[in-house]
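Thanks for asking me to look this one over. My notes follow as numbered points, to be read alongside the model.

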Amino acid sequence: MQTVPKTDLKAVHTSDLEEVLQKFNQHDALLQGNVHCRICNNVLNLKNIGSLKLIDGKLLFTCNDPSCYGSAVKEIKPMDS
Amino acid sequence: MSFYFENLFLQIFSFDLSSIDFSSFWPVSITPFIGIIIYLVRNPDKAELWGSILSQVLAFFSRKAERRSVSGNIQSRLNSFVKKLDFDDVLPYGIKFKWVTNANFESFIENGDVIVIMDTHHNNARNFVNALIAYTEQGLLPNVRNYIPNEIMQATELVLQEKIIESQRSDALQIFKKEILPKKLEGELEINTFKNVFSNLDTKGYFDTIFLSELSFSGGRLDGLLPSEAKSHIEHLIYFLKTIANRKAMDDSTPLSLQDSIFKVSLVLVAKMNIISSKGLTPYVNRIRNAFSDGQDSVYVLIRKHSLSFSDVLIPKVSKETTGKNVWKRSVFTLDSIHGRTKALMYLFR
């Protein structure tokens, strides 16, 4: 049986997203339109978040636009080889 | 009444089980089941796909099952492609989801970590595209990607992503072509040009087999060069392959060797029946031997459909009579103006 080493992709399912946002006190801010994409500054809601990034205990967001999402995934830490 | 039950009880439990010939139905009922288990154990990606389908049924009742119906579906398709491609340094890793929740956030996430958002399994085609984009960013040519100029790397990723979607999740192709590609290529003339060249190489059977293979094998030599120098060397390789891909049938003037200081590649095309019938296989063996004595690193031997029967003789002869070692063999499709899209075998000697 051939096995291939795997690289981890950290992901939040949309059904868990609200709880994660509440943990960082971002849920109400998001619903009020006060959370923005860190790349294009687009206003975010529960439907258009593409990625999260944890920096110094704070959550930063990108939208799901291919350019912003593409920039965000470039920052995923490479797998230790 | 009690007598009736007593009698029934005695009839049932006095039944002699040894009188049944189990062997008559055992092989029929159990063999396919064992076969399925062996198949799933030997193909974990298929087992994962079936697991994700079962999870979809339970997804309505359980968040864990819903997550699994998303991750299992994507993992099985991507890992199946990686396994089939079987190029160790081009795509050395598969993918594994790590689901982040409110409960495990602190233990899973470190400062600087990026977490992608995945929608419900009803949106798995889009989930697949998003996961693929994140995956190729990490998994494609991980050892050399830092030496490859951004516009070439991006075009390479787009062509590979499209190829993976076509083969593993064709219902996501519209999303990729209508939403992702236009955004990625908007105002990016150079990426677009490279992408068109790579798509053409892929149609002719030279993209993953030769281009990606050579980037992974020789790309490390680009370390320390100026970006413009690195780009120039890769462009030599691209131009070499592009010229071969566009060559007309029966054209003998196109160079089939590239002697760049980074990329040293030769291609030997075994197709002409008149050469084989008049001179045998010796000219091909000589060409491969000469390529290695001239300092080439890689010799790719492409044997088209109508000459496939000669591979059984030619390949052992090359292994025996030259310094090259056969690294791999691939079934590919090639395209030329005379034969159209035809099956071929490609062998790499190094």
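Predicted model: local features only at pLDDT ≥ 70, side-chain atom pairs only at ≥ 80, totals over all residues.

1. I began with β6(B) and its partner, strand β7 (residues 340-349) of chain B: the two pair in the antiparallel sense over 10 bridges.

2. Within helix α10 of chain B, do look at Asp208(B). Is Asp208(B) buried or exposed? Its relative accessibility is 10%, and buried means under 20%, so Asp208(B) counts as buried. Leaving aside neighbours within four places in sequence, the contacts of Asp208(B) are Leu85(B), Phe87(B), Lys163(B), Asp202(B) and Ser213(B).

3. The other sheet I would point you to draws on both chains. Its five strands form an open sheet in the order β3(A)-β2(A)-β2(B)-β1(A)-β1(B), and the pairing is mixed. The edge strands are β3 (58-63) of chain A and β1 (94-99) of chain B, each pairing on one side only. On average, and with direction ignored, neighbouring strands here are turned by 35° against each other.

4. Inside this sheet, strand β2 (residues 49-55) of chain A runs antiparallel to β3(A), and six bridges join them. Leu52(A) stands opposite Phe61(A) of β3(A). Helix α1 (residues 14-23) of chain A packs on the sheet and touches β1 (6-13), β2 and β3 of chain A, together with β2 (114-118) of chain B. The direction of α1 makes about 70° with that of β1(A).

5. Now for chain A as a whole. From the N terminus on, its elements run β-α-α-β-β-α, giving three helices and three strands. The C-alpha trace of chain A spans about 50 × 25 × 25 Å along its principal axes. Of its 81 residues, 44% are buried. Among contacts in chain A between residues at least 6 apart in sequence, 35% join residues at least 24 apart.

6. Chain A carries 9 positive and 9 negative side chains, and the centres of the two sets lie 5 Å apart.

7. Finally, two backbone details for you to check. Asn25(A) has a phi near 55°, a positive value in a residue other than glycine, and is found in the loop between α1 and α2 (27-31) of chain A. Leu141(B) also has a positive phi, about 45°, although it is not a glycine; its place is in the loop between α6 (124-139) and α7 (150-168) of chain B. As for accessibility, Asn25(A) is exposed, with a relative accessible area of 66%, whereas Leu141(B) is buried, at 0%.

Key: Residues numbered from 1 in each chain as written. Chains lettered and ligands numbered in written order. Heavy atoms only, no water. Helix = DSSP H or I, 4+ residues; strand = E, 2+ residues; numbered from the N terminus. Buried < 20%, exposed > 50% of the residue type's maximum accessible area, 1.4 Å probe, protein only. Contact = heavy atoms within 4.5 Å. Lys, Arg positive; Asp, Glu negative; His and termini not counted. Charge placed at Lys NZ, Arg CZ, Asp CG, Glu CD. Pairing = 2+ DSSP bridges. Axes fitted to C-alpha atoms, helices over the stretch in contact; angles between N-to-C directions.
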